[in-house]
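Here is the note you asked for, written as numbered points to be read with the structure open beside the text. Please take each point in turn and find the residues as they are named.

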Amino acid sequence: MDRSKIDQGLIELIGEVMPELEDVDLAKDCVAEYGVNSISIIRLIVAAEEKFEVSFSDYELALDGYSCFGDLAALIAKKMED
């Protein structure tokens, strides 16, 4: 799957998991711009595991690993390559 499809799929997931967020920009800071907290990011990652058929380690569930949603998209892309 190419990166643009991963980005679009992640934006769709964000809309499902965090419907209160509108017009998500993957490059913007997910905490400062969108108020994402650790529970929200875990819910998003769990949904991403299912949608993209990838698996995240416990270490990768930490919010501080993602300054923006684009970081999560990049990690998903990397996992899909492996």
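Predicted model: local features only at pLDDT ≥ 70, side-chain atom pairs only at ≥ 80, totals over all residues.

1. In general, side chains of opposite charge can pair when their charged atoms come close.

2. One of the salt bridges joins the side chains of arginine 3 and aspartate 7, at 2.7 Å from N to O. Both of these residues belong to helix H1, where they are 4 residues apart, or about one turn of the helix. Arginine 3 counts as partly exposed, since its relative accessibility is 35%.

3. Another salt bridge is formed by the side chains of lysine 51 and glutamate 12, with 3.7 Å from N to O. Because lysine 51 lies in helix H2 and glutamate 12 in helix H1, this pair ties together parts that are 39 residues apart in sequence. Lysine 51 is partly exposed at 38% relative accessibility, and glutamate 12 is partly exposed as well, with a relative accessible area of 39%.

4. The side chains of glutamate 60 and lysine 79 also meet in a salt bridge, at 3.0 Å from N to O. This pair links distant parts of the chain, as glutamate 60 sits in the loop between H2 and H3 while lysine 79 is in helix H3, 19 residues apart. Glutamate 60 has a relative accessibility of 18% and therefore counts as buried, the cut-off being under 20%. Besides Lys79, the residues that glutamate 60 touches include Ile45, Ser55, Tyr66 and Leu75.

5. Helix H2 covers residues 38–52, and at 1.5 Å a residue its 15 residues should span 21 Å, which agrees with the 21 Å between its end C-alpha atoms. Asparagine 37 caps the N-terminal end of H2, with a side-chain oxygen 3.0 Å from the backbone nitrogen of isoleucine 39. After H2 comes glutamate 53, which has a positive phi, near 55°.

6. Which residues of H2 are buried? They are Ser40, Ile41, Leu44, Ile45, Ala48 and Phe52. These residues cover an arc of only 130° around the axis, so they are on the same side of H2, whereas Ile39 and Glu50 are exposed on the other side. The buried residues of H2 pack against helix H1 (3–17) and helix H3 (69–81).

7. In H3, the buried residues are Phe69, Gly70, Leu72, Ala73, Leu75, Ile76 and Ala77, and they pack against H1 and H2.

Technical notes
Residues numbered from 1 in each chain as written. Heavy atoms only, no water. Helix = DSSP H or I, 4+ residues; strand = E, 2+ residues; numbered from the N terminus. Expected span 1.5 Å × (residues − 1). Buried < 20%, exposed > 50% of the residue type's maximum accessible area, 1.4 Å probe, protein only. Arc of directions from axis to C-beta. Contact = heavy atoms within 4.5 Å. Polar contact = N/O pair within 3.5 Å; in protein donor to acceptor, adjacent residues only side chain to side chain. Salt bridge = Lys/Arg side-chain N within 4 Å of Asp/Glu carboxyl O. Lists of a residue's contacts leave out its neighbours within four places in sequence.
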